Each structure stands twice: as C-alpha cells, then as structure tokens.
Amino acid sequence: TMAHSKALLVLENFIAGKFVPCSSYLNSYNPSTGDVYCRVPDSGKEEVEAAVKAAKAAFPIWSSKSLLERSQILNKLADLIEHDLEAFAQAESKDQGKTITFARTVDIPRAVYNFRFFASSILHHTTECTEMATMGCVHYTSRAPVGVAGLISPWNLPLYLLTWKIAPAIACGNTVVAKPSEMTSVTAWMMCKLLEKAGVPHGVVNVVFGTGAKAGEALVCHPDVPLISFTGSTLTAQRITEKSAPHCKRLSLELGGKNPAIIFDDADLSQCIPTTLRSSFANQGEICLCTSRIFVQRGIYSEFLKRFVAEAKKWKVGNPSDPTVDMGALISKEHLEKVRSYVKKAQGEGAKVLCGEGVDSLALPTGNQKGYFMLPTIIAEVKDESCCMQEEIFGPVTCVVAFDTEEEVIKRANSVKYGLAATVWSSNVGRVHRVAQRLQSGLVWTNCWLVRDLNLPFGGMKASGIGREGAKDSYEFFTEVKTITIKH
Ligand code: NAD
C-alpha cells in the first residue's frame, strides 16, 4: 500500500556528487524483525557506467592534489562520521542485525579510524633510491595512483570494511566506485551525505548499490576500472578472478576462513575462555576471523568444555537494540537456514550438540519473533573430515575437539583449504613461537584475539585470499610503482 511504502527508507546511488534514483529497487530486510524496511537500488551496467565515467572525470584533479590536502579531507570526513556516530551505529545495527553495542564500539569507531589512519599513514611513506657509482647512475622509484578503483564489500561489517578500502584508495589519489553488499547498504549511503561537507570533490567517491551478479559484475568487467579490491566469499572471488582475467586487473581478495583455536594444557583458561567465546560468537559469528574449530589438549579437554559451554549458555540473544544483549540476528532467513543445516548435518554424523540450536530454547521479545535468531551453538565429538570442520559456516557455531601433541595439532589445524586467522593459547613462549611459525595462516594471535595494528599486513593464505591490506600493503596495492634511472 502507499502508506506502507511511504514508511520505507529509499536509498539512491551516489554518482558525481549527486544522489540519483534508480529504475528498479530491491527489498532490504530488518533481520531482527523480518520486515522489509528499506529499498535499495538494483543497479546494473548503466549505473556502473555513469559512476565509472564520473570517477574517471574526477581523477585528474584528485590525483594532483597534495598529500596534505587529501589527508586533511580524510580527517574531516572522519570527524563528520564520528559526530554522527550514534546515528550510524543505530543504522548499522538495524540493517545488519548486529548488537547496538558492537556497532557503537567496533564498527563505527573503526570506520572513523580507517579514515584517520590513512590520512596519517599516507604522509609517511618513502620511496627507494639506489646508486650505481661505476655506471654513473642513480635509480629511484616513484609511486602514482592507478586510476578508478572498484571496491566490493560484504555484509558482516558493512561500513567498517568498505571504509577500510575507500580510505587508502582515495588517500593514494585514486577515485572510486564502491559497491556495498545489497543486504547492508544504509551506512554507505549515509556516508555519501557527508562527502561534500568534508571537501571530497564530486566524482571522487561514487557508490552504486545493487546485487553482486548485476552491479558487482558490471564493475568487475568494466574496462576502465584497472583494480578491484574485494572482501567476501571464496566462491565470489573465483568468479571475479575469471571475469576480470581478460582485462588483467589488479586484484586484492580478502576471503573466508575456517579459523582454529589451539589451546594447550598450560593455557590461562581465565583469559582463554571469555576470549574464545567472543572469537566464536561475536557479531553472531559473522566475522571472517571468528574461531570455528577449537582444538583442546586432552588433559584440560573436559574442564574446558564444561566451563566453555556454561559460559556460552549465559549469552543473551535478542533484540539487537537492547544494550544488554550479547548476540543479535543473523543477516537473512536464507543464511540462518544454512547455518542451522550445518548443525543438523553434524548431528546426522553422530556429533554431539552441547548447547544452542535444537538443544536449548530461545525466548524472543514479541517484536522479534520473526527475526533471524539462533543461540550460540557448541558441537563436540565431530570428525576433522566433517563439513562442520572443513567449510566456513559464518554463524554462531563452533566445534570443540581434543588433541594430544603439538605436532599433531599443527597438522590438523592446517588440514583445511582456508588460512586466514588462528589463535594459540599457551604460557610457553617457545611453543607459541614454534606453532605460530608453522600454522598456514595470514594472522596468528597468541593469548588474545582481534588485536590489530593497522600498520601491519592483514590477509589470508590459501583459499582465504590473495594480497594483504594495511598501511604499506594498501599503499602498494593502490599505487603503481615506476623505477627511474638517471645517468649523469
Ligand atoms: P559474497 O562473496 O557473497 O559477497 C561479497 C560482495 O560481493 C557483495 O557486495 C556481493 O554483492 C558481491 N558479489 C557477489 N557476487 C558477485 C559477482 N559475481 N561479481 C562481483 N561482485 C559480487 O560474501 P558475503 O556473503 O557478503 O560475505 C561473507 C563472506 O565474506 C564470508 O566468506 C567471509 O569470510 C568473507 N569475509 C572476509 C573478510 C576478510 O577480510 N578476509 C572480511 C569479512 C568477510
């Protein structure tokens, strides 16, 4: 009805500094109620074409600005987002299903920091110079922005991950066309409203909303977009690699994980248990870095499991806008069904579900009965070959298994196709180093989780990705280097 559609939030693409309506729209759901609450442009080739054109037109001016000017603009944008932090956090929580607490303390502060961080780091890079005295030559490198960057991001940490790409791309002098996930587009749209005030010239940041198959692929296939930075699933990355191959595009791919936690019998469980609960269930388990395979040394296996399950049962699942809630709703009905199906499969294979899905009952507030909720779920007695131990579930499901020796656990931890992040728990410094060195994992956290210094490389091995992001890594990705030789 008209009255109903009036209440919906309607997003528009942001192209050449202007909001432009689209000819067709997609429904976007509020995961905590199951209601359609927002309409997202269903962009395709035409919209992408207009955005790329705008980005190309803005490139000469933006790329010739001084580093300091660009840095000041990024800082201004950071200030403006921070000023509206609460509104952004509310929007992110509503759109994604994550708790308001997580959005307030993780997502939006990090989006702000992404701009501040690259506003600063861009000022501190140096290029190389070598001398070849016998030839009378000096060589030096110079770096220049590449052009129009295509940025594609997922739904789990919407503004956080999108700004982790936009900030370095524009700090380096590129212009961008960004395509957020069609399921979580609202905060990107809100950010567009601040660009002009921050001093970002028209056409430097363009945002095209829509699906991966239409808008995403049009961006990947566009001949005037020489680089694509993508965060999402391994399957989509394969498709992007294929589609961009005829153009020899530069790709940065941040993909899925099946991250192990390795807990030795000398671990400090008073720290390990609360951190491993967070690493398993934070953001509904919808973080690429979440733990989903917990290897516990035999001597402490029963004690760990007992305490871990008892603590998981205390997690409060419910309305994400309630600040006392620990876990909100999963992103979509389809995703919830997929996550649940893994628990069923494990049971079918003879594994034991110790708490959560199918075991405990979930009482939801009246307004949230149709939301996509499930309880933190812990599975034991599951085989390493099981799909629950091999495939990325990307929900609040974690498996706990026992191991005996260091050698054995390293082998088992490495026996999946992914290699994104691992945690190691032990008070033996020598062991921690040995194990960290041998894990096939782009990130290893020992006795902690999710502690990040943005200066250092972030990314995965094997099916978890290609390339790294971080101060130096993003700078290298978003610039083209040239070696120049001068003979006197
Ligand atoms: P997804 O691959 O389905 O989608 C990611 C983005 O790609 C979306 O914007 C989507 O619209 C777009 N897309 C889909 N098909 C496309 C195509 N053919 N061409 C171009 N673009 C296309 O992933 P998702 O479900 O949104 O996110 C969850 C996945 O992301 C998980 O696998 C998770 O591990 C991964 N992830 C990785 C990291 C990391 O840094 N390594 C961070 C967060 C999430």
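Patches here are built from residues with over 30% relative accessible area and no salt bridge, with like charges joined within 9 Å and nonpolar side chains (Val, Leu, Ile, Met, Phe, Trp, Tyr) within 5 Å. Accessible areas come from the Shrake-Rupley method with a 1.4 Å probe, and for residues only the protein chains shown count as cover. On that basis, L67, L68 and L123 make up a nonpolar surface patch of about 250 Å². L123 sits in the loop between α5 (100-121) and β6 (129-132), where helices (H or I, at least four residues) and strands (E, at least two) are DSSP runs numbered from the N terminus. With 37% relative accessibility, L123 counts as partly exposed; buried means under 20% relative accessible area, exposed over 50%, and partly exposed in between (1.4 Å probe, protein chains only).

The model is a predicted one, so local features need pLDDT of at least 70 and side-chain atom pairs count only at pLDDT 80 or more, while totals for chains, interfaces and linings use all residues. Residues are numbered from 1 along each chain as its sequence is written, and side-chain values use heavy atoms, with hydrogens and water left out.

As for the annotated span, an unreviewed UniProt entry gives "domain: Aldehyde dehydrogenase" for residues 25-484. UniProt positions are in the numbering used here, feature names are shortened, and annotations may be inferred rather than shown by experiment. Over residues 25-484 the chain is 42% helix and 21% strand, and the end C-alpha atoms lie 50 Å apart.

The unreviewed UniProt entry also lists E254 under "active site". In the model, E254 falls in strand β12 (residues 250-254), and its 4% relative accessibility makes E254 buried. Leaving aside residues up to four places away in sequence, E254 touches F230, T231, G232, F458, G459, G460, S464, G467, R468 and E469, a contact being heavy atoms within 4.5 Å. What about charge pairing? E254 is buried yet has no salt bridge, and the nearest side chain of opposite charge, R468, is 6.2 Å away.

Another joins R438 to E407, with the closest N and O atoms 3.0 Å apart. That pair links distant parts of the chain, 31 residues apart, with R438 in helix α15 (residues 429-438) and E407 in helix α14 (residues 406-413). R438 itself has 41% relative accessibility and counts as partly exposed.

E182 takes part in a salt bridge with K179 (3.4 Å, N to O). K179 is buried at 3% relative accessibility, whereas E182 is partly exposed at 25%. E182 is found in the loop between β9 and α7 (186-198). Its contacts, not counting residues up to four places away in sequence, are L26, S28, V40, G210, T211 and G212. The C-alpha atoms of E182 and P41 are separated by 8.5 Å, although the two residues are 141 apart along the chain.

G173 lies between α6 (158-171) and β9 (175-179) and is buried, with a relative accessible area of 0%. Beyond residues up to four places away in sequence, G173 touches F59, W62, S63, R70 and P145. G173 and P60 are 113 residues apart in sequence, and their C-alpha atoms are 9.2 Å apart in space. G470 lies in the loop between β22 (465-466) and α16 (471-477) and is likewise buried, at 0% relative accessible area. F118, W164, L454, L456 and Y475 are in contact with G470, again not counting residues up to four places away in sequence.

Note on methods
A salt bridge is a side-chain nitrogen of Lys or Arg within 4 Å of a carboxyl oxygen of Asp or Glu. Lys and Arg count as positive and Asp and Glu as negative; His and the chain ends are not counted.
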